[in-house]
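Here is a short report on aromatic rings and their neighbours. Look at the structure first, then read on.

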Amino acid sequence: MRRRLLTLVLTLPLMSGCFMLPVDQPPPPPLTISVPPEFEYITVPVERGDIKQELRAIASYTPSKREFHYFPADGIPVLGIYVTAGQEVSQGDLIAELDVLELENWYEELSRNRDLSRLELSELEEKQAILSRQAASAGFKLDNSSFIWSRDTLRLTIANLDRLIEYVEQRKVDRHIQAAIDGVVTSAMIYFDGMISTYGTSVATVSVDLVISFFVTGDAAEHMKKGDRFEMILGDDVHLMEVIDPDEFNITVTAEPPYAYLTFTGIPPEPGFDTTGIIYIPLGEIENVLFIPVSHLNRTEERSFVYVLDDNGLRTVRDVETGFEGDGLIEIKSGLSEGELVIQ
């Protein structure tokens, strides 16, 4: 019995020691190196060529002569507008018409009131004449103060009615808006039911093309002199234009100075051409020089520099000397070589 207990006592420590043996851990994952993606720069090569300095001008079509036709009165119903843009008209043709029914009614009312006032004045004067004869026969002096006041009041009323009737008669004449010249309608209002006239508002514009001309204003006009010739881009075509004196062609000048007027040197395009053209005025040119886009150049008060992409793909700073500038390009006098890549 004692032997069994001793064996058990000796065995228990051995068994518990087995449970305390170290356990093998799984091996760690292999190390990985993260490489950032290569940065891609936007670059342009240094090139050799010509640089032009040009001034871009907008040329706008203008007829030689224009007549603007306006509503002659305010607040009158419009009976109709009878022309559309592009329509040819002759002097005297009906362009628009006002509905003067209210004016007609007003005219009749004014005429009736004037007739009644004239009749009343006539009766007053006749009555005063009778009273004056009776007073003279009786040998006493007639008091004319009441008569004079009534007579002057009626005369003033008649004079005011005459002026109003003259005004309405003129408005009745103005009901018809007629073309002042032979030409083409270049703009016209569109009629709609219930339209009311607005005094001074243009109803239509009639234009005459004695010569087809375009005008340029602003700084560009300062570089244009009579006789100069320029190419003008009009739609998909290029036309040669010559600067003219508008007075010599009876052109109504509509632009504010400075301005320049140009016309076609050859056969003008068919009607319906674009009314806006583009002219590039040469101001200077330099040939066979190194250049880069101006947008790739960095400038401070003291230096001009660019960022260059070297053969190792690294960005480096390079000071440069610049020269002639035009058309979005700038001359590089020193600091860069042809073919080098400049970073934007």
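Which residue lies over the face of Phe-305? Arg-303 does, at 4.5 Å from the ring centre. Keep in mind that this model is predicted.

## Aromatic pairs

A pair of aromatic rings is described by two things: the distance of the centres and the angle of the planes. Searching the whole structure turns up five aromatic pairs.

Take Tyr-259 and Tyr-261. Their ring centres are 5.7 Å apart, and their planes meet at 80°. Planes over 60 degrees apart count as edge-to-face, so this pair is edge-to-face. Tyr-259 is partly exposed, with a relative accessible area of 33%. Tyr-261 is buried, at 1% relative accessibility.

## Phe-305 and Tyr-307

Another pair joins Phe-305 and Tyr-307. Here the centres lie 5.8 Å apart and the planes stand at 90°, so the pair is edge-to-face.

Tyr-307 has a relative accessible area of 23%, and is partly exposed.

## Arginines over the rings

Each ring of this pair has an arginine over its face. Arg-303 lies over Phe-305, as stated above. Arg-315 lies over the face of Tyr-307, at 4.2 Å from the ring centre.

## A cluster

Which residues do ring pairs link into a cluster? They are Tyr-61, Phe-214 and Phe-264. Find these three in the structure and trace the cluster yourself.

Definitions and conventions. Residues numbered from 1 in each chain as written. Predicted model: local features only at pLDDT ≥ 70, side-chain atom pairs only at ≥ 80, totals over all residues. Heavy atoms only, no water. Phe/Tyr/Trp six-rings, centres within 6.5 Å; stacked < 30°, edge-to-face > 60°. Buried < 20%, exposed > 50% of the residue type's maximum accessible area, 1.4 Å probe, protein only. Lys NZ or Arg CZ within 6 Å of the ring centre and 35° of its normal.
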